[in-house]
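We will go stop by stop.

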Amino acid sequence: MEILRCENLTKIYGEGNIRTHALKSLSFSVEKGEFVSIVGPSGSGKSTLLHILGGVDKPTAGKVFIDGTEIHGLKEDKLAIFRRRQIGLIYQFYNLLPMLDVDENIGLPHLLDGRKLDRERLDNIVEHMGLVERRRHLPGQLSGGQQQRVSIARALYNRPAILLADEPTGNLDRSTGAEIVSLLKEANRTWKQTLLLITHDENIALQADRMLCIEDGEITRDERIRSLGGDE
Amino acid sequence: MRNIVYKVTWKNMKMNMRRTWTSFFGIFFMVLLITCVFVGRKTAVGYLENVSSQIKGKWHATMYDMTEKEYETLGGESYIKEMGRSADKGYVEFPQSANDQKPYLFIKSYEAPCFDWMNIHVREGRLPGKKGEIVISQSALDDGAKISIGDTVKAEYFDRTVTGLQKGVTTVFPFQQIELAGGETEKLSQDFPFYENNESFRIDKEYTGMKDNLTVVGIVDEPWFEQEGAAGYLAFTCYDAERDGIFNIACLFDLENEHYDMYQNIREIAGSREVAFNDYVLAFSGRSSDSVVNFMVQLMTIFFMVLIVLAAIVLIYNVFNISFEERSRYLGMLCSVGATGKQKRSSVYFEAFSLFLPALPLGILAGCLVVLLGMNLLLPFIYSFMSGLAVLPEKVPVHLSISAWDILIIAFSGGLTVLLSAILPAVKISRIGPIECIRGNLDKNPGRLKEGAKSSMSLSAEKMLAKNSLRYQRRKTRGMRRAASIFMLILIVTTATTQILTQLITIRMQDSDIVNVKSEGWDYQLSVFNGNAGEEYEKLKEEIKNDVGVEAVREEYSGTFVGNVPRDVMGKEYWNALHRVFNLYYHRELSDEEFQGMFEEGTNVVSVIGVDDETFENIAEATDTDQKLLESGTPTAIVVNSGEVSTANWVVSEKEPEKYEFHEIEHMTDLGKGEKLPMTIYSPKEEKQVDFPLLVAGYGSKEQLEKYYTFHSESLWVIVELDTCEKMNQIMAEDGNEESGSMMEPTLYMKMNGKKTGLIKRLNALTEADEMHYIFARADRVKTISDTLCSMIRILLLCFVLLTSVICLLNLYNSIHGWIAEQKPHFAMLVSVGATQEQIRRMLMYETLQIFLGSCVSTLLIVTPLILAVRYLLIDQFGAVRIGFPWLVYAAAIFITVIVIFGFMLYHYHREKDYRLQFTG
């Protein structure tokens, strides 16, 4: 079942002579539960693509459908609501709110939705992420790996339609990075969580079901590594 | 630039132009405002002195009946800048007079500067330049005197004396303050009217033996001190030191330098002789003879200076603090390559003073321009106020008053303010190590473990975010709290103190025994004088009432000293206040017996206002009046229970009070409602006091009556209906003259409906034809000098409040901008997890509300004791005056701050909304 489809995505920065084509009429789709890695050199347009897919940036042209909804056709507030319910974003620098503790950061999208937190789900996810001892800590008191785990927990809490991760291991050492990737893979397998992951690390990219290579704003390779279900 | 720290700082300043400009404008505004305080005060004082000098002249002090030796002594005093002698040469016959009540000239001799100091303005011809030349007042020509330039007056000088003729009877001339026992003789002043001799007194001429042949060389405008009712017109000649004998000395003080014992010294030289000070002019420079007015002027200057410096320090400090994080990064880098704490500090000082240097001359220039512009913008207002005065002053140009000394003071105060503002950020930055600087981990307590703290997840997301954000960013929001607090503080303290000061100045400068009719809502007033309220007036009144252009008419009679009441009618509060005033005159605590002994005999006076039925009903409704008593059929009165007793409206002859003291009285009498006010009225026909008791129907305080009148009186006032007033007038009427001048006389207030009927023209023509009996004027044009001066003071103080607010607004604007800008990454994070714009806005609203409430609490905690202290200080200096607590000012300041703080927050939030792509870092 198709969960994400983008059609002719184009993003142009600047005007006149200093126009930069970050994305050039890019189209692809992702199946539900698929783990897709996106690789490419710096400046190839990976992060721009992820921001557009996540609805935090707008394309110059083209459409993005998530679970059948054309997200950039939504009004600003509707898009924000869609984002907090259907999209989980994970960043290289965690993007946690420094004034909120671990629990509050994890529950934030849910709270923004005006709903009460499901304590059981929160406890489960905190335990799953190994953050039980750190629940009342602020991000400034956590290590990089712990912060990234909070960030993943936050993205997963609402069980979004799609998880978008922008170099989640880029700021971490190798072993912590591996730990984070295994957590993401586990989420993908356990909860059939669709995952799009940007990375520079070939080893991580090869752990995905499918790998997209982007260069100069275009998909240069779309390679299936293993079938949906895990067979190579 | 050799110093690498300065070089890096300079480059960093160039890279952060927005912050650099903000700091520059902060310092620039501070210099501008300090300039406004110094130059503005001096310019405004100079201007107001000039305007005030139009009222009584430029002289500062006049000493009467002095000798040559005293003239020399005074000339040697350091506080005397210039002196001029004058003498009263006496009366001469003036056969050219056309007014049989003014058959003389009263000739005064002046040294040259005195003409200018006393506002003697030539209308025609010139001023006298040598002996034997005179100028005559225009009032003589207005009355039809047959004299012109070139004519001569044969002058045989004489004094006028009055002698009491009836043994055992005291003849009183209340307006000249003469009490004459039978057989006593007193010399008369230039103001004494022309009275025919009668069985009570005789007026004689005593020739001095001096004769002159005087040539008229000019006509001068009617001098401000010429009395309409005096027996002689004023004329002026040159002072003749050889012939004029005892003389008066007018002088100007050296106001540039401080002379602490100036007034005491002058009084010592004068001894028992009279000394007058021109407080209208002196008050504005804080050098009046009245220590209370001086105190208030000096207090205002210090007060505004402190507030401006305080606001400037907070502004500059906040600017440095907002940029603290960014600055600490490059300083941390410098530190990591070996920069010392001193070098880091010097970076902050370098930035502060490199901005101060250009800001100083520009700020002074701009300050001077603001002062000039402000004063010129104020001129129309000042003239509209001044036009209410009886004598319309000449237009006085505004001259900027600035000296090298002022520039030095401004530079020093500005430099000191910049230094004080920069010290704390400099010290703080020097204490932060390189690692903290580079990491941006600047807060000593960056994120406290939230153990024990209640989780905020039970709150809505916006409230939870606001609560945690404020807790986390306590240091960062401190600048905003400070800015909001100082803004509220300045608004409350300046407005409240302005209110208190103007209230005190109004009281202090108010003429005593004055009841002003509030003219709001009325367009014109027609006053009738000199016993003309007869049949002709009644016809005129009917004509006005029936005119289709007139919407409403209010008729009112008023009279001072109409009746008398026994002393015990006055209340306990009145006597207590008077006792304290007398203590000041006697420089000791008078015992009750001693004080009461001074008032064993005699009566207290009652003044009366008579109003038409409709106004009386309205006043009765507005006051604490018993309707049943009003319908009792006997003459009733509403007693004005507010009064004032001070060292200004009570004078003890030949005694100087220790200091000025004012007592506001709430209960002039302790008589109850329904009791009789045992008033007597003097009947000229019966030549005795006639009983005219009034039933006290109610009491009115000055607050209850403020819609109709402002009362500043130490005597008892009653408000009665017109028919009661008419009965009183019948008693006061002289035999054979039913409309004598001593009776209460009417004023008609008119409200027009805009229809043109020619009534105004007719009334204007009537006034021109018969100005002895009618005055017709716009109702709002009748103002007192104190009204005018207080309005000007209020405008100037308002300008100060506005200017100080500018610096506070800039501060608040900057702080809120800094606060919002620092939150941008958080907004981006929130957007990435699905927060809507509305949710972020709401979160900011909650945060702003909490910051505002915090500021309110700290402001109230600082301001309230400050206001109470100022009130206490002023009341202690001034006396028992009721000063209300400025609740309304508090409410207004809080309201304005709410609008400003939320307005700025929403403005900055909408300007900074473009944060979508900034969240990756």
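A residue is called buried under 20% relative accessible area, exposed over 50%, and partly exposed in between, with a 1.4 Å probe and protein chains only. Now select chain A: of its 232 residues, 57% count as buried.

This is a predicted model, in which local features need pLDDT of at least 70, side-chain atom pairs count only at pLDDT 80 or more, and totals for chains, interfaces and linings use all residues. Residues are numbered from 1 along each chain as its sequence is written, chains are lettered from A and ligands numbered from 1 in the order in which they are written, and side-chain values use heavy atoms, with hydrogens and water left out.

**Stop 1: the sheet of chain A**

Switch to cartoon view. Chain A has seven helices and ten strands. These are DSSP runs numbered from the N terminus: helices are H or I with at least four residues, strands are E with at least two. Look for the open sheet of six strands, in the order 6-7-8-3-9-10, with mixed pairing. Strand 6 (87–90) and strand 10 (218–224) of chain A have a single partner strand each, so one side of each lacks a neighbour in the sheet. From one strand to the next, the twist averages 15 degrees.

Two strands pair if DSSP finds at least two bridges between them. Select residues 35–39 and 194–198 of chain A: these are strand 3 and strand 8, parallel over four bridges. Here S37(A) stands opposite L197(A).

**Stop 2: helices across the sheet**

Axes are lines fitted to C-alpha atoms, for helices over the stretch in contact (heavy atoms within 4.5 Å), and angles run from 0 to 180 degrees between N-to-C directions.

**Stop 3: a covered strand in chain B**

Select residues 745–752 of chain B. How many of the eight residues of strand 28 of chain B are buried? Seven are, so to speak, under cover. Strand 15 (residues 524–528) of chain B pairs with strand 28 of chain B in the antiparallel sense over four bridges. Find S527(B) opposite T747(B). Strand 16 (residues 550–566) of chain B also runs antiparallel to strand 28 of chain B, joined by eight bridges. There, E555(B) stands opposite L748(B).

**Stop 4: a helix in chain B**

Finish at L419(B), in helix 11 (residues 404–431) of chain B. At 32% relative accessibility, L419(B) is partly exposed.
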